Amino acid sequence: MKKILLPLLLLAAPLLATAQDHAVLDAIKQAGSTTTSIVSRLQQDKYVALLETTVSSTASFQYAPGLMSIHYDEPAGDCFVINDMQVMMVTKGKRRVMSAKSGTAKMMRIMLLAAMTGDYHEAEEYMTKMNVDELDDCHIVEVELDDEKARGGISKVEARYDKGTKRISTIMMHYTNGDYTSYTLTDVRVGAQLDSSLFAIKK
């Protein structure tokens with residue numbers, strides 16, 4: 001494993017340690033910028049620290065620039081949707097719509113969409129450290145957050161990108177209470193036309 005530590009000493013300072021790292025992250029960002037949509041299956045594993053247990057779910061996953069939706073297989077109708085500056089969660093039939101301008105909804109929107117595109121500029125003011133790792137089959141971008149600034153309860157985000165396509169394969173979000181959630185994409189299709197109803201925010 002190759003590991004590079006990228007401290008964020010100044011917001012405007014370059015984040016990349018070497019030309020090679022710059023090239024890798026530029027390639028990830030380029031792949032993200034040219035991706036018009038992603039459709040996949042999704043495996044979600046949520047670890048609850050208080051209970052020392054993991055809850056696993058499967059879902060359909062859809063992404064387009066600025067948009068994301070997860071529609072869970074069970075219970076039917078449960079979902080998680082990001083649409084512009086709103087976030088909707090439906091859990092066991094109970095709907096909750098939140099503004100993504102503050103708190104956890106804001107940071108989930110920023111970090112999930114940043115991981116999808118490889119473009120972390122919107123998160124820079126909340127970042128304290130960035131690590132870039134390299135495994136045989138993927139690049140890993142790990143971002144640590146300052147929760148006093150972010151106030152979203154998210155401490156770290158790890159994004160894994162396929163070495164060949166440079167597109168996202170797994171996102172793991174770590175929370176300040178010790179919980180974490182991983183989202184793994186499988187059976188990925190890129191460039192499909194998506195129905196706008198998949199991202200509808202229903203109040």
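Trainee: Which residues is Lys166 in contact with, leaving aside its neighbours within four places in sequence?

Mentor: Lys166 is in contact with Ala27, Ile28, Ala31, His139 and Tyr161, leaving aside neighbours within four places in sequence. Contact means heavy atoms within 4.5 Å. Note that this is a predicted model: local features need pLDDT of at least 70, side-chain atom pairs count only at pLDDT 80 or more, and totals for chains, interfaces and linings use all residues. Residues are numbered from 1 along each chain as its sequence is written, and side-chain values use heavy atoms, leaving out hydrogens and water.

Trainee: What is the average pLDDT of the protein?

Mentor: The average is 90, and 92% of the residues score at least 70. pLDDT is the predictor's confidence in each residue, from 0 to 100. Over residues 7–14 the pLDDT is below 50.

Trainee: Why is Lys166 called buried?

Mentor: Its relative accessible area is 19%. Buried means under 20%, exposed over 50%, and partly exposed in between, with a 1.4 Å probe and protein chains only. So Lys166 counts as buried.

Trainee: How do you know that Lys166 has no salt bridge?

Mentor: A salt bridge needs a side-chain nitrogen of Lys or Arg within 4 Å of a carboxyl oxygen of Asp or Glu. The nearest side chain of opposite charge to Lys166 is Asp162, 7.0 Å away. Lys counts as positive and Asp as negative. The side chain of Lys166 does reach the backbone oxygen of Lys163, at 2.5 Å.

Trainee: What is the phi of Lys166?

Mentor: Phi is near 65 degrees, a positive value in a residue other than glycine. Arg151 also has a positive phi, of about 50 degrees, and is not a glycine.

Trainee: What makes a nonpolar core?

Mentor: It is a set of buried Ala, Val, Leu, Ile, Met, Phe, Trp, Tyr and Cys residues joined through side-chain atoms within 4.5 Å. The largest one has 46 residues; Phe61 and Met111 are among those touching the most other members. Helix α2, residues 103–117, gives the most to this core, with 10 residues.

Key:
Helix = DSSP H or I, 4+ residues; strand = E, 2+ residues; numbered from the N terminus. Polar contact = N/O pair within 3.5 Å; in protein donor to acceptor, adjacent residues only side chain to side chain.
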